[in-house]
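The following exercises concern a single protein chain. Each task is followed by a solution worked step by step.

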Amino acid sequence: MLKKMGEAVARVARKVNETVESGSDTLDLAECKLVSFPIGIYKVLRNVSDQIHLITLANNELKSLTSKFMTTFSQLRDVPVEKLAAMPALRCINLRFNPLNAEVRVIAPPLIKFDMLMSPEGAGAPPP
């Protein structure tokens, strides 16, 4: 069991380091057995978080994402609306001050059964 946990931690570290070193706009943490978003990632990505436009968290065991996640990665553009719509326990997602693409703004409202908070289209960053 400890070996598997160690392998999972190493996998996350490897993927985060690849993103930082390559300057990629994508962070792929799919299939990493995450139950929460690791706090240490915020520190490692602090200099590049504004460049991250896509984060893949598919096939994990996440129960929630904190407000720190949303404020740290404020440049997310694509939201997997179909995946969110299939989450029966989801009650609200706050995506304010993210430059969401027009498709998300049009497709999301009729599909979802939870509150999806978005800034008006073209809104700038939050006030300091």
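**Exercise 1: The fold**

The protein has five helices and four strands; helices (H or I, at least four residues) and strands (E, at least two) are DSSP runs, numbered from the N terminus. The model is predicted: local features need pLDDT of at least 70, side-chain atom pairs count only at pLDDT 80 or more, and totals for chains, interfaces and linings use all residues. Residues are numbered from 1 along each chain as its sequence is written, and side-chain values use heavy atoms, with hydrogens and water left out.

Task: State which pattern the protein follows along the sequence, and what percentage of its residues is buried.

Solution. Step one: read along the sequence, the pattern is α-β-α-β-α-α-β-α-β. Step two: of the 128 residues, 32% are buried, where buried means under 20% relative accessible area, exposed over 50% and partly exposed in between (1.4 Å probe, protein chains only). Step three: among contacts between residues at least 6 apart in sequence, 55% join residues at least 24 apart; a contact means heavy atoms within 4.5 Å.

**Exercise 2: An aromatic cluster**

Task: Identify which residues ring pairs link into a cluster, and explain why the pair of Tyr42 and Phe73 is classed as it is.

Solution. Step one: a pair of aromatic rings is described by the distance of the centres and the angle of the planes. Rings of Phe, Tyr and Trp (its six-membered ring) pair if their centres lie within 6.5 Å; planes under 30 degrees apart count as stacked, over 60 as edge-to-face and the rest as tilted. Step two: a search of the whole structure finds five aromatic pairs. One of them joins Phe37 and Tyr42, a tilted pair with 5.3 Å centre to centre and 50 degrees between the planes. Step three: the ring centres of Tyr42 and Phe73 are 6.2 Å apart and their planes stand at 35 degrees, so this pair is tilted. Because Tyr42 lies in helix H2 (residues 39-44) and Phe73 in the loop between H3 and H4, the pair ties together parts that are 31 residues apart in sequence. Step four: Phe37, Tyr42, Phe69 and Phe73 are linked by ring pairs into a cluster. Phe37 is buried at a relative accessible area of 7%, Tyr42 at 9% and Phe73 at 0%.

**Exercise 3: The largest pocket**

Task: Determine how much space lies in the largest pocket and which element gives the largest share of its lining.

Solution. Step one: on a 1 Å grid over the protein atoms alone, a pocket is an open set of points where a 1.4 Å probe fits, with protein on both sides within 12 Å along at least five of seven lines; lining residues have an atom within 4 Å of a point. Step two: the largest pocket holds about 1100 Å³ of space, a volume being the space filled by probe spheres set on the points, which are joined across faces, edges and corners. Its lining has 37 residues, of which Leu57, Leu65, Leu84, Met87 and Ile93 are the closest to its centre. Step three: H3 gives the largest share of this lining, four residues.

**Exercise 4: The surroundings of Asn60**

Task: Decide whether Asn60 is buried or exposed, and list which residues Asn60 touches.

Solution. Step one: Asn60 lies in the loop between E2 and H3. Step two: Asn60 counts as buried because its relative accessibility is 17%. Step three: leaving aside residues up to four places away in sequence, Asn60 touches Leu29, Ala30, Glu31, Cys32, Lys33 and Leu34. The C-alpha atoms of Asn60 and Leu29 are separated by 8.4 Å, although these residues are 31 residues apart along the chain.
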